[in-house]
Amino acid sequence: MLQLDNFYKARYVLSKVLRKTELVHARKINPNVDVYLKPECLQKTGSFKLRGAYYKISQLSEEEKAKGVIACSAGNHAQGVALGATAMGVKSLICLPEGAPISKVEATKKLGAEVCLVPGVYDDAYARALQLKDEKGYTFVHPFDDENVIAGQGTIGLELLDQLPDVEAVVVPVGGGGLISGVAFAIKNLNPNIKVYGVQAAGAPSMVNSIRDHKIESLPSVSTIADGIAVKEPGKLTFETCSQYVDDIVTVTEDEICAAILQLIESEKMVAEGAGATSVAAVMFNKLPVKGKKTVCIVSGGNIDVTILNRVIDRGLAKTGRLYTLDLELDDKPGELLEVCRVIANLGANVIGVHHDRSSNRKNVNACILRISMETKNEEHIAAIRQALIDKKFTILDTNLNG
C-alpha cells in the first residue's frame, strides 16, 4: 500500500545522491500549449530509474544488504540498481539477455555490478534472476511493481509541485507503470485538480489495454523504438494505482516518437531516448486535451543507442516534412531529369539523392522511373513542389506526402 509519508522519506534519502533536474520552458514543442520539460534524461545514469532503485536498496535491512541484490534489465533499471548498490557498498548482480547491446552491458559493469548474460530474451533473463534470487538469497529489485521503487519514482511528482505550483497537467511515459504510479499518487494526493496523463508506444500498449478492459492483460509481443517502455504486462500494484489516479493513457506512433526526439535535439538541445520522448510526442501531435494549459512533459531518459540515432533523425525529418522522397515516371529522353531538378531548385528544396531506373517500368518501354530525395521545409513546401511538377506535366507515382 502506497503512503505519501514514504514519498517524503524517499525525497530526503535521494536528496544526497540525485542531480537536480530543473524545468525547461519549451515554447516550440507546441505553440498552443505552455510546455515545460522535466529533463530526467540529464539525471545520473541518464534516466529517472536511479530514484526508485536507490531508495529501494536504501530501505533493505543490514542482513539483506549483506547478501546483495539482483535485478533483470537491458537498460536504465540495470544502471540505476548498479549505481545505487555500489554507492551503498552492496553487491549487485544484473541478469541481461545475451543479445543486449554491448554498450549497455559495459555501462552496467562500469557502475560496479556483476553481469550475468543469459541465453535467450528478456523473459529468460528474468526467470534466471528469480532462480538466482532463491538460490543465493539475493533481494530482487523489481523495475516497477514495488512500493519503495514507486515512492522513489514519485519524488518527481513532489519536485514538480515545488518547481511549478500552478501546473495544470503532467504527461508521463508509461511502460510497467512505476513512474506514472509514483507521480500520479503524489500529485493527486496533494492537488487532485492537476491532470496526470500517460503515454505508451503504439507497439507496446499493455497498460492502455489493461485500463480499457479493467483487468491486467499481457501482450504476446512488443515492438517499438521506445525499448525503455516495451513492457508486455503491467504490474499488479501499478495497474491498481493507474486505474485510480491516472486521468487517461494514450499511444503514439514510431514516427511521432522519432519526430519528438528530433524536436528535442533541435529546439532544446536535449537528447532523449525513445521512451523519454513519448510524453513530448503526445503533446506535439495533440493526443491530449492540454491546449492552453501549463503542462509538464517528463523526459524520462536519454540513453539512446547512438548507432540508431541517424535513422531516428531521418524518420523524424520525414514525419515533419523536412525530408521527402517521391517517384516520377519520365520520358526517357535528354533534359527530363534537368527539368525536374530545375522545378525543385526554383522552389528552394535541396536534392540529396537521385535514382534513375529504366528496368522497373514494364508498361512503357520508352519511360523510366526516377526516385528523387530532397530536403524540404514542411508539408506545405512539399505540396507546392508536387503541384509544380504536376503543372509541368510530370507523372507522380507515389501518394504519400511523408515519403
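A salt bridge here is a side-chain nitrogen of Lys or Arg within 4 Å of a carboxyl oxygen of Asp or Glu.

**View 1. Salt bridges between domain 1 and domain 2 in the predicted model.** Domain 1 and domain 2 are joined by 3 salt bridges. In a salt bridge between Arg-51 and Glu-159, the side chains come to 2.8 Å, N to O.

**View 2. Helices on the side of domain 1 that touches domain 2.** Helices α1 (4–14) and α7 (147–163) each provide at least two residues of this side. The most comes from α7, which gives 8 residues. Sorted by class, the side of domain 1 facing this contact holds 8 nonpolar, 10 polar and 9 charged residues.

**View 3. Domain layout of the protein.** The domain assignment places residues 4–47 and 146–317 in domain 1. Domain 2 covers 49–140, and domain 3 covers 322–397. Taken over C-alpha atoms, the centres of domain 1 and domain 2 lie 23 Å apart. To their contact, domain 1 contributes 27 residues and domain 2 contributes 15 residues.

**View 4. Area buried between domain 1 and domain 2.** The size of an interface is often given as the accessible area lost when the parts come together. For domain 1 and domain 2 the buried area is about 1,900 Å², with 53% of it on carbon and sulfur atoms. On the domain 1 side, the residues losing the most area to domain 2 are Thr-45, Ser-47 and Asn-148. Together these three make up 27% of what that side buries.

Definitions and conventions
Residues numbered from 1 in each chain as written. Predicted model: local features only at pLDDT ≥ 70, side-chain atom pairs only at ≥ 80, totals over all residues. Heavy atoms only, no water. Domains from an automatic or database assignment. Contact = heavy atoms within 4.5 Å. Buried area = accessible area lost by both parts, 1.4 Å probe. Helix = DSSP H or I, 4+ residues; strand = E, 2+ residues; numbered from the N terminus. Nonpolar A, V, L, I, M, F, W, Y, C, P; charged D, E, K, R; others polar.
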